[in-house]
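Biologist: I am new to this structure. Could we go through how to read its helices, strands and cores?

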Amino acid sequence: MLARDLMTEDPVRILEDRSLREAEHLMREYDMRHVPVVDAEGVLIGMLSDRDLRSFIPFDAQDGVPDLEAIQKRSEPVTAAMQPDPICVTPEDEVVSIIDLMVEWKIGAVPVIEAGSDHLVGIVSYVDVLRAARNSL
């Protein structure tokens, strides 16, 4: 089985100049834990996960009072918290290799880029892999 067989094509993504606040809303709206970060031409420049957000933005509720630092950090661009140069695969990569990458690097999603370029064409998440495994049982 290849990445193209189970990837989510044309995934939800966020532009590099958008704020972390926008990324949080996007991830909540689409119930996602990972979002690819792209430039204006659709070239993948990073990945942002809910874990990245939690590490970058401090907990912001002390006795019900919002934390000023958390409010300020949410205004920063997604590039401030994203993982640059993410591990990527192409549509022709074997799913077994993708699983190995996910386990080795402890990542929950891998962006799929066009062979020979960095244009985002899809994403494979652990949910996609589990769904395919379940369907094959």
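Modeller: This is a predicted model. Start with helix H5: its buried residues are covered by elements that include helix H1 (3-6), strand E8 (109-113), strand E9 (120-125) and helix H6 (126-136).

Biologist: Which residues of helix H5 (residues 95-105) are buried?

Modeller: Val95, Ile98 and Met102 are the buried ones in H5. The general idea is that an α-helix has 3.6 residues a turn, so residues three or four places apart point the same way.

Biologist: Why do these three lie on the same side of H5?

Modeller: Because they cover an arc of only 55° around the axis, they are on the same side of H5.

Biologist: What does the face turned away from the buried side of H5 carry?

Modeller: That face has the exposed residues Val96, Val103 and Glu104. After H5 comes Lys106, with a positive phi near 55°.

Biologist: How should I read a strand?

Modeller: In a regular strand the side chains alternate between the two faces of the sheet. In strand E3 (34-38), His34, Pro36 and Val38 point one way, while Val35 and Val37 point the other way.

Biologist: Are the residues of E3 buried or exposed?

Modeller: 5 of the 5 residues of E3 are buried, so this strand is largely enclosed by the rest of the structure.

Biologist: Which way do the strands joined to E3 run, parallel or antiparallel?

Modeller: Take them in turn. Strand E2 (residues 14-15) runs parallel to E3, and 2 bridges join them. Here Leu15 stands opposite Val38. Strand E4 (residues 44-49) runs antiparallel to E3, with 5 bridges between the two. In this pairing, Val35 has Leu48 as its bridge partner.

Biologist: How many residues lie between E3 and E4 in their hairpin?

Modeller: There are 5 residues between them, and Gly42 in the turn has a positive phi of about 85°.

Biologist: Which members of the largest nonpolar core touch the most other members?

Modeller: This core has 16 residues, and those touching the most other members are Ile14, Leu20, Val35, Leu48 and Val78. Two or more residues each come from helix H2 (20-29), strand E3 and helix H3 (50-56). H2 gives the largest share, 4 residues.

Biologist: What is Val78 in contact with, leaving aside its neighbours within four places in sequence?

Modeller: The contacts of Val78 include Ile14, Leu15, Leu20, Ala23, Val37 and Leu48, and also Glu16, Arg18 and Ser19. There is also a second, separate core of 12 residues, among them Ala3, Val89, Val110 and Val112.

How values were computed:
Residues numbered from 1 in each chain as written. Predicted model: local features only at pLDDT ≥ 70, side-chain atom pairs only at ≥ 80, totals over all residues. Heavy atoms only, no water. Core = buried A, V, L, I, M, F, W, Y, C linked by side-chain atoms within 4.5 Å. Buried < 20%, exposed > 50% of the residue type's maximum accessible area, 1.4 Å probe, protein only. Contact = heavy atoms within 4.5 Å. Arc of directions from axis to C-beta. Pairing = 2+ DSSP bridges.
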